[in-house]
Amino acid sequence: MESKTNKTEPKGTVKASSDAAENLREFLIDGLKDLYWAETHLSKALVKMEKNVTSPKLQEAIANHKTETDTQITRLESVFEALGEKAKAVKCEAMEGLIKEGEEIMKETEPGAVPDAAIIAAAQKVEHYEIASYGTMATYCKHLGEKEAMKLLQETLAEEKNCDVLLTKLAVSEINLEAAE
């Protein structure tokens with residue numbers, strides 16, 4: 001296959017879509033749209049997770065993160081505003097897959113410590129995705145001189161990191177031990 005410049009494209013090259021980002025700012029906005037979708041869908045998934053865990057401490061952690069997630073959605077709207085953009089959600093394939101994985105865990109296990117441990121694992125995958133995404137978006141804002149947006153994204157990044165630490169503590173100190181019995 002030859003491109004418009006008559007150069008042979010390397011095998012496996014992916015052709016950019018007609019609406020592909022042309023610069024870092026456009027790529028930032030695309031990433032924020034993904035995060036906006038991800039957070040709104042995660043908020044709904046957290047309600048299901050909270051109802052399906054048996055550990056009171058884990059239920060509390062999930063409920064708290066649901067509240068935090070709702071705040072993060074509002075904060076993302078402020079990020080869009082700071083960038084002069086309209087808040088818009090575009091389906092995030094990664095988060096959709098992570099949420100589906102969590103739902104499968106809930107369907108395939110009986111209530112107790114084992115699914116609680118598995119739900120923590122699924123939740124931490126979500127947190128790690130969010131940590132990577134918010135960190136990247138904040139870095140893009142830094143490079144683009146978008147200080148207000150960067151500050152808002154860093155605030156959410158810190159919350160995501162704290163949630164991950166809390167989930168690890170719950171898993172290591174309690175839930176994984178119960179699941180191993």
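Predicted model: local features only at pLDDT ≥ 70, side-chain atom pairs only at ≥ 80, totals over all residues.
Trainee: How should I read the contacts, and what percentage of them join residues at least 24 apart?

Mentor: A contact means heavy atoms within 4.5 Å. When we take the contacts between residues at least 6 apart in sequence, 78% of them join residues at least 24 apart. H143 counts as exposed because its relative accessible area is 60%.

Trainee: Where is M150, and which residues does M150 touch?

Mentor: M150 sits in helix α5, which covers residues 147-180, and at 18% relative accessibility this residue counts as buried. Setting aside residues up to four places away in sequence, M150 touches A138, C141 and K142. For another pair, look at M150 and T71, which are 79 residues apart in sequence, with their C-alpha atoms 16 Å apart in space.

Trainee: Turning to cysteines, how many disulfides does the count come to?

Mentor: A disulfide needs a pair of cysteine sulfur atoms within 2.5 Å, and by that rule the count here is zero. C92 is in no disulfide, and the nearest cysteine sulfur to it, that of C163, is 17 Å away. C141 is likewise in no disulfide, with the sulfur of C92 as its nearest cysteine sulfur, at 17 Å. C92 is buried, at a relative accessible area of 1%, and C141 is buried too, at 0%.

Trainee: What is the general idea behind a salt bridge, and how many salt bridges are there?

Mentor: Side chains of opposite charge can pair when their charged atoms come close. The count in this model comes to 11 salt bridges, one of which joins K48 and E103, with the closest N and O atoms 3.1 Å apart. K48 lies in helix α1 and E103 in helix α3, residues 93-108, so this pair ties together parts that are 55 residues apart in sequence. K48 is partly exposed, at 43% relative accessible area, and E103 is partly exposed as well, at 24%.

Trainee: Where do K100 and E96 lie?

Mentor: They both lie in helix α3, four residues apart, which is about one turn of the helix. K100 and E96 form a salt bridge in which the closest N and O atoms are 3.9 Å apart. Compare this with K125 and E101, whose side chains meet in a salt bridge at 2.5 Å, N to O. That pair links distant parts of the chain, since K125 is in helix α4 and E101 in helix α3, 24 residues apart. There is also a network of salt bridges that links R25, E85 and E146.

Trainee: Which side chain of opposite charge is nearest to K33, a buried residue that has no salt bridge?

Mentor: That side chain belongs to D30, and it is 4.6 Å away, whereas a salt bridge needs the nitrogen and oxygen atoms within 4 Å. K33 is placed in helix α1, residues 24-52, and, leaving aside neighbours within four places in sequence, it is in contact with F80, K88, A89 and V90.

Trainee: How far apart are the mean positions of the positive and negative charges of the chain?

Mentor: They are 6 Å apart, as computed from 23 positive and 34 negative charges.

Note on methods: Residues numbered from 1 in each chain as written. Heavy atoms only, no water. Lys, Arg positive; Asp, Glu negative; His and termini not counted. Charge placed at Lys NZ, Arg CZ, Asp CG, Glu CD. Buried < 20%, exposed > 50% of the residue type's maximum accessible area, 1.4 Å probe, protein only. Helix = DSSP H or I, 4+ residues; strand = E, 2+ residues; numbered from the N terminus.
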